[in-house]
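Here is a short note for a colleague who is opening this structure for the first time. Please keep the view open while reading the points below.

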Amino acid sequence: MTDVMVPANPPFRPSMLIYDRRYRSMTFQVIVFILVMALAWWLVNNTIRNLAALGKDFDFGFLWQRAGYDIPQTPIPYTSDDTHLRAALVGLLNTLIVSILGCIAATVVGIIAGVARLSNNWLIARLMTVYVEAFRNVPLLLWILIVFAVFTEVMPPPNAFRGDDPAASMILFDHVALTNRYTAIPTLAMTNDPGSLDLGARITISWATIAFAVALVAGWIVRRMIAAWAQRVQDQTGVRPTTWWASLAVMTVPSLLLIWYFGLHLIPPTLKGFNFTGGLNVQNGLVALWLALTLYTGAFIAEIVRAGILAISRGQSEAAFALGLRPGRTMNLVILPQALRVIIPPLISQYLNLMKNSSLAIAVGYMDIKGTLGGTTLNQTGRELESIVLMMGVYLVLSLIISAGMNLFNARVKLKER
Amino acid sequence: MSETHAQTVPFVRDTMLPPAAPPVREAGAVRWLRQNLFSGPLNTVLTILGVLIVWFLVSHFWDWFAHSVWNADSLSDCRRIIAETWGEGARGACWAVVRERWNQYVYGFYPPELYWRPTMAFGLLFVALAPVLFSESVMIRRVVLALATVLTLWLMAVMGAPAAWLVFAAAVLVGALLISERQPSWLLVFSILYPLMGVWFLWGGSAWGPVMVLVGPVLGWIAWRLLGRASALVATVAALVVPLVWWIVFAGDAARDAESIVSLAIPAVASDRFGGFLLSITIGVAGIAMSLPLGIVLALARRSDMFLVKTLAVIFIEFIRGVPLIALLFVASLLLNYFLPPGTTFDIILRVIIMVTLFSAAYMAEVIRGGLAALPKGQYEAADALGLDYWKAQRLIVLPQALKISIPGIVSTFIGMFKDTTLVTFVGLYDPLKSMSDAVRASTSWKGIYWEPYIFVGFIFFLICFGMSRYSMYLERRLARDHR
């Protein structure tokens with residue numbers, strides 16, 4: 001008998017839909033599909049009936065109506081005569097401002113605290129442990145409220161800075177004034193203003209900003225090219241040319257030249273009458289939210305950094321030393337690439353959390369997208385469904401963009417296994 | 001030998017020298033200081049910096065803490081006492097607000113004569129948790145249960161609980177102590193019944209409601225047994241459909257009819273009377289209990305081979321994780337009425353619990369998925385090689401290990417969720433942190449008191465969350481099966 005008996009496929013019976021593994025998953029998926037569709041139909045049908053009963057419709061036309069409310073802090077020009085759409089855009093920009101500022105500051109705080117917690121110094125390590133545990137185990141809302149209360153209750157009113165012998169004084173060489181209504185910080189000004197690029201809809205970007213962005217990007221690209229050249233030379237000759245001064249120069253010199261060309265300088269706030277003018281008066285809601293988010297997220301980032309450093313076994317640095325690498329190169333070539341693989345994914349999800357937590361701005365009256373679109377606009381127009389759906393969509397898009405970035409990174413540094 | 005040696009060498013020491021004391025700088029406190037605080041220039045600078053920070057904090061806040069007042073009727077009273085005791089211009093903490101408003105912070109606006117009911121529910125919670133949480137060590141279980149028994153009964157007696165309920169609580173608590181000595185797993189029956197009992201104790205009303213809810217699974221089981229002989233497929237479908245039909249169509253009427261025949265009602269308490277830590281703990285415990293199973297199901301679905309199941313799980317998880325909890329809470333408070341049949345209303349606390357559960361289940365699913373992915377592939381392959389089917393492999397081999405790996409993540413999700421219960425303030429519920437402190441400040445006697453309520457609430461949250469994280473560390477050590 002040379003040929004193997006192949007069992008003929010048994011004829012199909014209905015019971016095979018559940019007992020045969022080939023069909024069972026199909027059966028199950030079809031059932032799930034039907035149930036999900038039924039649920040969706042039920043929800044949509046209910047919504048339609050409810051809207052009809054209330055005499056409402058599902059229409060985003062209200063976004064083009066006059067908003068009629070003021071926003072204390074607007075990164076783009078906005079008046080109460082503008083549309084709800086523009087108010088929502090202002091809110092979105094405010095969300096982005098506090099998120100980005102928070103991410104930057106939280107990273108700095110987190111790295112310092114995480115490294116300090118591993119320090120040999122007993123006192124510093126204990127202090128950082130207290131910081132991390134205190135912030136991780138208490139609701140963020142509490143920190144926001146406390147920081148905000150510090151600003152509104154403890155800080156002096158602006159007129160306390162008046163007179164020859166004022167009750168309060170400015171900090172940072174007379175550049176910043178902390179008052180109970182706002183924080184006055186210096187603004188940037190240019191003696192040689194190149195004007196602005198008009199993007200339409202009264203949104204403008206200064207040419208100077210564009211010039212700095214171009215200078216930085218170009219400097220970064222040139223730096224990459226210098227590094228690639230150094231690598232080529234090293235591969236051919238075995239000696240790596242010294243490049244740090246060239247890298248530093250291409251990164252900084254164009255910006256310094258631009259600063260000199262535009263005559264960029266700081267204008268500190270000065271007290272005129274009862275208020276500070278000349279500088280930028282930042283609403284305390286923003287400052288309190290930013291500080292609280294920074295300290296809270298910083299505590300989580302500290303733990304991530306600590307875990308990332310601890311995850312690299314001592315053998316790795318010992319092996320690098322045995323190969324004759326200097327400590328700096330050991331850090332750059334051996335420790336950091338491995339530690340970053342552990343650190344970056346949770347770090348980015350902390351950024352995501354920070355962005356979502358910035359919606360707690362309603363606790364301090366900072367008008368982010370929750371405060372404009374999901375707050376005043378919703379209350380004024382009575383369009384709960386549209387406002388909340390739109391707001392959730394905005395948050396969802398922001399998160400998906402950040403997650404997509406994280407997935408790209410993960411795919412690049414992933415360990416290959418079978 | 002030794003004689004020749006003695007002739008060539010003038011002196012040989014034949015006793016050991018007593019060991020010399022180490023130099024002062026290498027011993028005791030000095031050595032510790034040198035090693036831990038002043039081991040180099042950088043460390044010395046850091047130490048000085050740290051001392052300065054500590055000194056700054058102590059010098060700014062010590063007098064405030066030292067001048068604490070615990071007995072006063074109002075903030076002005078507090079300030080008067082501080083000024084009288086420590087002189088004009090002295091600062092001091094007025095903890096009297098915590099003392100005076102303690103009940104409000106703990107029970108919200110719950111009727112004071114019924115305070116014993118949440119207390120009893122909280123005490124019995126430890127019985128329900130005993131087989132799940134404290135099953136690792138006999139000693140800990142004994143201590144926890146004994147403490148819960150004594151404290152619950154004492155507090156209930158102080159709060160004026162009726163004698164019948166005192167006997168009931170004593171019977172359950174002492175019974176649990178005795179049963180757990182013999183066979184702790186029997187307490188699982190109580191753990192399964194506890195959610196319904198807890199709801200009844202907290203909200204009151206007729207006991208027939210929870211009983212009729214319980215009838216659903218019983219009917220399902222009966223249907224399964226009856227039809228099991230005919231066809232397994234029909235039996236499975238019936239076991240799922242019968243309880244659903246019972247709950248949706250019959251349970252409400254059955255509970256009303258039964259109530260009209262035999263009344264089993266205790267005074268009902270509306271949801272708007274809930275507040276303070278009672279509200280936080282109710283939402284937190286319910287969310288924790290429901291989000292773990294839901295998270296496991298979602299994690300398994302996301303790793304499933306079935307395309308549709310996987311896609312749905314991904315959409316659900318990414319959607320929930322992509323929006324802030326506040327947005328979901330607003331959906332619960334504003335939009336849910338749109339999605340339900342016209343005229344349906346249901347309790348705001350229940351809506352919030354559902355949203356909080358869904359929110360943390362999505363995070364839980366990602367944590368557990370991490371645990372599943374971290375298991376070596378060999379474990380899955382070994383389960384297949386043993387011929388286990390999918391559910392057996394998950395239940396016996398994969399999940400026990402994956403859940404053990406994910407304990408830190410699971411507990412930190414729990415902690416995050418418990419902290420997030422403070423956000424219910426934005427949908428008009430009385431959380432202890434913002435709404436309750438605002439309510440306290442709204443009275444004329446405590447107008448303008450900021451720090452003490454915040455610090456008090458923060459301290460309680462810290463105790464609970466820190467306790468949870470320490471417990472998870474302990475559990476991790478207990479469950480570690482490698483490198484011992």
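1. Start where the two chains meet. This is a predicted model. In it, 45 residues of chain A are in contact with 46 residues of chain B. On the chain A side, the elements that give two or more residues are α2 (21–54), α4 (122–136), α5 (140–154), α11 (369–381) and α12 (384–413) of chain A. Helix α2(A) gives the most, with 12 residues. By class, the chain A side that touches chain B holds 27 nonpolar, 12 polar and six charged residues.

2. Next, the domains of chain A. Domain 1 takes in two stretches, 64–157 and 272–413. Domain 2 covers 194–264. The C-alpha centres of domain 1 and domain 2 of chain A are 27 Å apart.

3. Chain B also has two assigned domains. Domain 1 of chain B is 53–100, and domain 2 of chain B is 275–484. Taken over C-alpha atoms, their centres are separated by 38 Å. Eight residues of domain 1 of chain B are in contact with nine residues of domain 2 of chain B. On the domain 1 side of that contact, six residues are nonpolar, one is polar and one is charged.

4. Now the sheet in chain A. Which order do its strands follow? The order is β1-β2-β9 (chain A), in an open sheet of three strands with antiparallel pairing. The edges are β1 (177–178) and β9 (280–283) of chain A, each of which pairs on one side only.

5. Look at the pairings one by one. Strands β1(A) and β2(A) run antiparallel and are joined by two bridges. They form a hairpin, with three residues between them. Within this pair, L178(A) stands opposite T183(A) in β2(A).

6. Helix α8 (residues 284–311) of chain A lies across β2 and β9 of chain A. Its direction makes an angle of about 65° with β9(A).

7. The largest core has 161 residues. Those with the most contacts inside it are W143(A), I144(A), L289(A), A292(A), A327(B), L329(B) and V352(B). Helix α8(A) gives the most to this core, with 15 residues. A second, separate core has eight residues, among them M212(B), A223(B), A238(B) and V242(B).

8. What does A292(A) touch, leaving aside its neighbours within four places in sequence? The contacts of A292(A) are L140(A), W143(A), I144(A) and V147(A).

9. L291(A) is in helix α8 of chain A. Is L291(A) buried or partly exposed? L291(A) is partly exposed, because 18 other C-beta atoms lie within 10 Å, while buried would need 20 or more. Between L291(A) and P327(A) there are 36 residues in sequence and 35 Å in space, C-alpha to C-alpha.

10. L325(A) makes a second case. L325(A) lies in the loop between α9 (314–322) and α10 (327–357) of chain A. With 16 other C-beta atoms within 10 Å, L325(A) is partly exposed. Beyond its neighbours within four places in sequence, L325(A) is in contact with A320(A), T330(A) and L333(A). L325(A) and A311(A) are 14 residues apart in sequence and 21 Å apart in space, C-alpha to C-alpha.

11. Last, a helix pair in chain A. Helix α3 (residues 84–117) of chain A packs with α11(A) at an angle of about 150°. Their axes are 6 Å apart. From α3(A), the contact uses H84(A), A87(A), A88(A), V90(A), G91(A), L92(A) and T95(A). From α11(A), it uses I369(A), G371(A), T372(A), L373(A) and T377(A). The residues of this contact divide into six nonpolar, six polar and no charged. Helix α11(A) is also one of the elements on the chain A side that touches chain B.

Technical notes: Residues numbered from 1 in each chain as written. Chains lettered and ligands numbered in written order. Predicted model: local features only at pLDDT ≥ 70, side-chain atom pairs only at ≥ 80, totals over all residues. Domains from an automatic or database assignment. Pairing = 2+ DSSP bridges. Helix = DSSP H or I, 4+ residues; strand = E, 2+ residues; numbered from the N terminus. Contact = placed C-beta atoms within 7 Å. Axes fitted to C-alpha atoms, helices over the stretch in contact; angles between N-to-C directions. Nonpolar A, V, L, I, M, F, W, Y, C, P; charged D, E, K, R; others polar. Buried ≥ 20, exposed ≤ 12 C-beta atoms within 10 Å, placed from the backbone. Core = buried A, V, L, I, M, F, W, Y, C linked by C-beta atoms within 7 Å.
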